[in-house]
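Colleague: I have a few points to check on this model. Please show it first, then state the contact criterion you use.

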Amino acid sequence: MFCFGSYFWRSARINSLDDPVLFNRKSRLVCILPYIKGGFFKFWKSGSHGAPVSYRWDDQIKARIYSYIYFRGANLASEGFELGLLAIREGTGNEVEHLIQLGVQSNGFDSTQLALWEHIRQYMEEDGPPLQPGDKLRATDLSRVPEFPPEIVAAAGGPALDQEAIDQLVRQKARI
């Protein structure tokens, strides 16, 4: 019981909550830092993010919305939706190497997930804005989010913009 409890406590409190994904529309690559879980019997060792892996947007990335049922109480069940990108292993055509979970779960309707996917698609394929007008970046504990290597960040155009710079870009796109 101690091993089970320690493993699940570590999974909930110590391990990373945000897995970084970098969309590079210049090179049409999606880069991820896959998470490697710690061992079950070595509960004192937490997991870590592995080396960056890149996938081609055009032929290695496919989107899926997953529906699931979860229980909030004794007899109260709800339906949830989650957007995931399937990263296909090169040369296999349909063998999934990584499932990249994006956004947050939505309850009741999958329209939130569809809107997120459409935004990402427009960003990568149609020179869409980094954020839609009125959107804000989600606050996160940046001490728990690993960084991509500098050469990957440089290839994508440099470090992430702050909220003010993103708002300015969105206003410029809205005028065009």
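Modeller: A polar contact is a pair of N or O atoms within 3.5 Å, where one must be able to donate a hydrogen and the other to accept it. The model is predicted.

Colleague: With which side chain does the side chain of asparagine 24 make a polar contact?

Modeller: The cut-off is 3.5 Å. A separation of 3.1 Å falls to the side-chain pair of asparagine 24 and its partner, serine 27.

Colleague: Is asparagine 24 buried or exposed?

Modeller: Asparagine 24 lies in strand 1, residues 21-24. Beyond four places in sequence, it touches Leu29, Met124, Ala155 and Ala156. Buried means under 20% relative accessible area. Because its relative accessibility is 4%, asparagine 24 counts as buried.

Colleague: Which residues of helix 3 are buried?

Modeller: Met124, a contact of asparagine 24, belongs to this set. In an α-helix, residues three or four places apart point the same way, because there are 3.6 residues a turn. The buried residues of helix 3 are Gln113, His119, Ile120, Arg121 and Met124.

Colleague: How far apart are the end C-alpha atoms of helix 3?

Modeller: Helix 3 covers residues 111-125, which is 15 residues. The expected span takes 1.5 Å times one less than the number of residues, so helix 3 should span 21 Å. The model agrees with that, its end C-alpha atoms being apart by 20 Å.

Colleague: What share of the residues of the protein count as buried?

Modeller: The protein has five helices and eight strands. Of its 176 residues, the share that count as buried is 27%.

Notes. Residues are numbered from 1 along each chain as its sequence is written. This is a predicted model: local features need pLDDT of at least 70, side-chain atom pairs count only at pLDDT 80 or more; totals for chains, interfaces and linings use all residues. Side-chain values use heavy atoms; hydrogens and water are left out. Helices (H or I, at least four residues) and strands (E, at least two) are DSSP runs, numbered from the N terminus. Buried means under 20% relative accessible area, exposed over 50%, partly exposed in between (1.4 Å probe, protein chains only). Contact means heavy atoms within 4.5 Å.
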